[in-house]
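Here is a short report on one protein model. Please read it with the structure open.

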Amino acid sequence: MNFTPFDEVAMRRALELAQRGLYTTQPNPRVGAVLALENEIVGEGWHERAGEPHAEPNAIRAAGARARGSTAYVTLEPCSHHGRTPPCVDALLAAGVKRVVYAVGDPNPLVDGRGAQRLREAGVKVESGLLESEASDLNAGFFMRMRAGRPFVRLKSGASLDGRTALANGASQWITSEEARADVQHWRAQSSAVLTSAATVLADDPRLDVRIDVPHQPLRVVLDRRRQVRDKARILRSPGEVLIFAAADPKRRANPGATKLGRASIERVRVLRGHLDIHKVLARLAELKINEVMVEAGPRLSGALLAAGLVDEWVLYIAPKLLGADGKPLTSFAKLRKLAAAPRFDIVDSRAVGPDLRLRLRPRK
């Protein structure tokens with residue numbers, strides 16, 4: 001496609017608008033839309049909250065009569081099915097839009113090319129692929145859930161310069177700075193769920209809630225194979241829903257035992273090689289329409305997820321201090337015999353957060 005400089009300007013604006021739904025649209029994707037007439041933006045909109053109008057109708061309403069004959073720039077292929085709101089394709093056609101440029105196709109099987117096809121059949125010029133990578137990153141969780149049947153997994157860790165997460169006696173508060181801890185709140189807020197292990201709950205008694213102004217708390221998920229967590233744990237007393245995964249009894253067809261611990265729900269999962277089946281856990285979270293999972297856990301769970309290839313992004317805060325060789329490690333996984341076998345990562349972003357360094361890493365394919 002031969003896109004003009006204005007096309008790119010308009011799509012970048014649509015992406016900026018989509019970012020406004022970062023904390024509010026789940027389980028729906030974050031989408032922004034811009035309507036332009038003769039290289040002038042005449043309407044803007046974004047999907048503000050799940051169950052409310054999508055980006056395109058909001059932009060059309062803002063444009064009013066000037067929507068007729070305009071070009072619509074949308075960060076995701078317009079939907080063509082009835083959900084909680086009518087199809088965006090119908091709104092675009094009714095408004096008289098003559099050209100639609102979208103950044104990336106919608107992987108939802110209910111759309112997946114059908115939106116573009118309906119527009120073309122109605123005589124609308126349709127083009128795609130403009131700023132596709134940026135639009136895909138914005139909805140990495142939605143895309144992962146639709147395509148792979150599991151959420152996007154983001155591992156969060158904090159460590160010293162020598163890769164230690166706690167002293168030998170377990171003391172870990174606080175390795176990273178207040179600024180880094182405040183930054184973590186934004187990553188939690190954009191996540192559908194925050195996942196940890198029973199070991200972390202028992203050792204640190206974390207809340208794992210979001211402490212900035214958000215419309216809802218992410219689901220807190222605890223992997224507790226042996227049912228060690230007790231109802232006095234702070235994670236069970238903080239606002240929001242909690243889901244505990246415990247071991248299933250293979251000798252009985254129905255999952256036995258309690259289904260509640262205080263306000264928390266309990267679900268049973270099979271055990272593989274001494275651990276809860278993390279693939280089943282993630283598949284179940286996808287069934288619950290969880291797009292993004294933030295993992296905040298110790299070295300064993302972090303290492304297991306990395307070894308299984310289930311970490312899609314690693315947000316790592318490095319504090320400029322040393323804890324010594326007897327400190328607790330960042331991750332724990334099988335012993336390496338060859339340097340070539342070491343897991344490798346690409347640095348997506350690096351920046352200072354207070355006195356600390358924040359790295360965003362993605363496993364090298």
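Which residue of strand 19 does Val353 stand opposite? Val353 faces Asp356.

## Basis

This is a predicted model, in which local features need pLDDT of at least 70, side-chain atom pairs count only at pLDDT 80 or more, and totals for chains, interfaces and linings use all residues. Residues are numbered from 1 along each chain as its sequence is written, and side-chain values use heavy atoms, with hydrogens and water left out.

Ten strands form an open sheet: 10 strands in the order 11-12-10-9-8-15-6-16-19-18, with mixed pairing. Strand 11 (260-261) and strand 18 (345-353) are at the edges with a single partner strand each, so one side of each has no neighbour in the sheet. Strand 18 runs antiparallel to strand 19 (residues 356-363), joined by 8 bridges. Strands here are DSSP E runs of at least two residues, helices are H or I runs of at least four, and both are numbered from the N terminus. Two strands pair if DSSP finds at least two bridges between them.

Strand 15 (residues 292-295) is covered on both faces. Glu292 and Met294 are buried on one side, Val293 and Val295 on the other. Buried means under 20% relative accessible area, with a 1.4 Å probe and protein chains only.

Strand 6 (residues 152-160) pairs with strand 15 in the parallel sense over 4 bridges. There, Val153 has Val293 as its bridge partner. Strand 8 (residues 193-197) is also parallel to strand 15, over 3 bridges. Leu195 stands opposite Val295.

## Cores

The largest nonpolar core has 42 residues, and Met11, Leu35 and Tyr73 have the most contacts inside it. Helix 1 (residues 5-19) gives the most to this core, with 7 residues. Another core lies apart from it, with 31 residues, including Leu243 and Val293. A nonpolar core is a set of buried Ala, Val, Leu, Ile, Met, Phe, Trp, Tyr and Cys residues joined through side-chain atoms within 4.5 Å.

The structure holds 3 aromatic pairs. In one, the ring centres of Phe142 and Phe143 are 6.4 Å apart and the planes stand at 70 degrees, so the pair is edge-to-face. Rings of Phe, Tyr and Trp (its six-membered ring) pair if their centres lie within 6.5 Å; planes under 30 degrees apart count as stacked, over 60 as edge-to-face and the rest as tilted. Phe142 and Phe143 are both buried.

Technical notes:
Buried means under 20% relative accessible area, exposed over 50%, partly exposed in between (1.4 Å probe, protein chains only).
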